Amino acid sequence: MKVSKKLLIMAVLFLASFLLVACGETTTEATTAAPTTTEAPTTTEATTTAAPVDLTALMTELKTHYADTLENVSYLAEADLTLLETVGDVSIVWVSANDTYLESDGTIHRPSFEVGDQTVILTATLTDGDDSESYNFFVTVKALDKTDQERADEVFLVATAFPSKELWTSADNAELDFVITGKDADDVDYTIVWTSSHPEIISIAGEITQPDGANVDVTMTATITINSVDYTEAVIFSVAKMIEGTEVATIAAAIALGEEAYVEIMGVTVIAISEMGDVFFTDGIDILYIYSASFDPIIGNVYDITGEVDFFYNSPQLKGSDVHPLRAVDSIAAVTAAPVTTAAAITDIISGLTVPTPENLFAYEIYEVTAKVYYDESLGNYSVFLVPTDYDFGAALSSDTQPNGDSIMIYYKSNMETLATFHDAQEITIQ
């Protein structure tokens, strides 16, 4: 059978095409089937199963390393700390709670002697993955040694301590004491030298002379020498200008000028001074009172006394203030005696007393009266009384108030101990 040449060629080409297609599919399958290592995780599991880090043990190792320093309660840090960066293979993070004295990198800033030793919490933290361990070291940073300036400050702390006043006057001389020696906290003595910016107003002896015209600020400077170096401290005193009181001839005239009037009462005689420094003086007609005089009067001496009129619970008195100082100068006037009112009995004194008011001011008077003394120790400060001469000491007390009936209590800031010895005894005549 004769085969056509043309048909044979076509058959060969078809077979070749089929083989090529078959080969391409086989290649594609071989390529997509290539991932033959899907079971390889065996290698990955081997790298992630390392034993966990014992942070507690490492922290114990860290504390042991600092057993003689950071872990020692007696340790005082004077120089920069050397802080480990790692323990084992784990990094250490250090954090200070107070960078003023100890920084997180171990840098030390020693406090002054005056501030004193300072304890700072220094925290060490170890971290492994999600686990962490922290520990607080309590580090005491030692203070610096005392400087000469600090020694001087200790001396000045006492030597320059003065009362606080808005204005100083000549009545304040007794309160100015410029000491010439002082001690530091270690009981070491130092010589103090004072200078005054206005010695004519405040002298180094503490004498104040008030200026005319205007107030003046005076700088008083204290100087001490330590190791050949001078240290100074300045104190400023504002001194009030001199103000003259209104001159009056009598106590009544001074009181008539009213409260806060600044008066100079001429030629009055001091008649009494209490142990507390209270003063009574007279012009021969009336008596006036000074609570704790700032000058040193003598009983029987005559003075021109200057002060500010004050009504204390409607009781007139003279007082001093920053602007109106209380002062006294010797007077050439004659001595005068205070009037004395003689009373027949204490009831006569009591019946003449009224409660003071702004319109009816209290009047200081001296009474002379004959009476008896009643004393009950259990009443303490209020235990001595003057009672009528016919008082019945044997009668039962009518109430808790002692004694029975009218009496005059003797103020406890008096010579009440002497009077107490006359209890239920003979009559006494007393002013």
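This report looks at salt bridges in a predicted model.

## Ground rules

Residues are counted from 1 along each chain as its sequence is written.

## Opposites pair up

Side chains of opposite charge can pair when their charged atoms come close. Here, a salt bridge is a side-chain nitrogen of Lys or Arg within 4 Å of a carboxyl oxygen of Asp or Glu. Searching the whole structure turns up twelve of them.

## A link between distant parts

Take Asp 184 and Arg 151, whose side chains form a salt bridge at 3.6 Å, N to O. They sit 33 residues apart and link distant parts of the chain: Asp 184 lies in the loop between strand S6 (181-183) and strand S7 (189-191), and Arg 151 belongs to helix H4 (residues 148-159). Helices (H or I, at least four residues) and strands (E, at least two) are DSSP runs, numbered from the N terminus.

How hidden are they? Buried means under 20% relative accessible area, exposed over 50%, and partly exposed in between (1.4 Å probe, protein chains only). Asp 184 is buried at 6%, while Arg 151 is partly exposed at 22%.

## Two more pairs

Lys 183 bridges to Asp 189, with the closest N and O atoms 2.6 Å apart. Lys 183 is partly exposed at 42%, and Asp 189 is exposed at 52%.

Lys 319 pairs with Asp 310, and their closest N and O atoms are 4.0 Å apart. Asp 310 is buried at 11%; Lys 319 is partly exposed at 32%.

Notes:
This is a predicted model: local features need pLDDT of at least 70, side-chain atom pairs count only at pLDDT 80 or more; totals for chains, interfaces and linings use all residues. Side-chain values use heavy atoms; hydrogens and water are left out.
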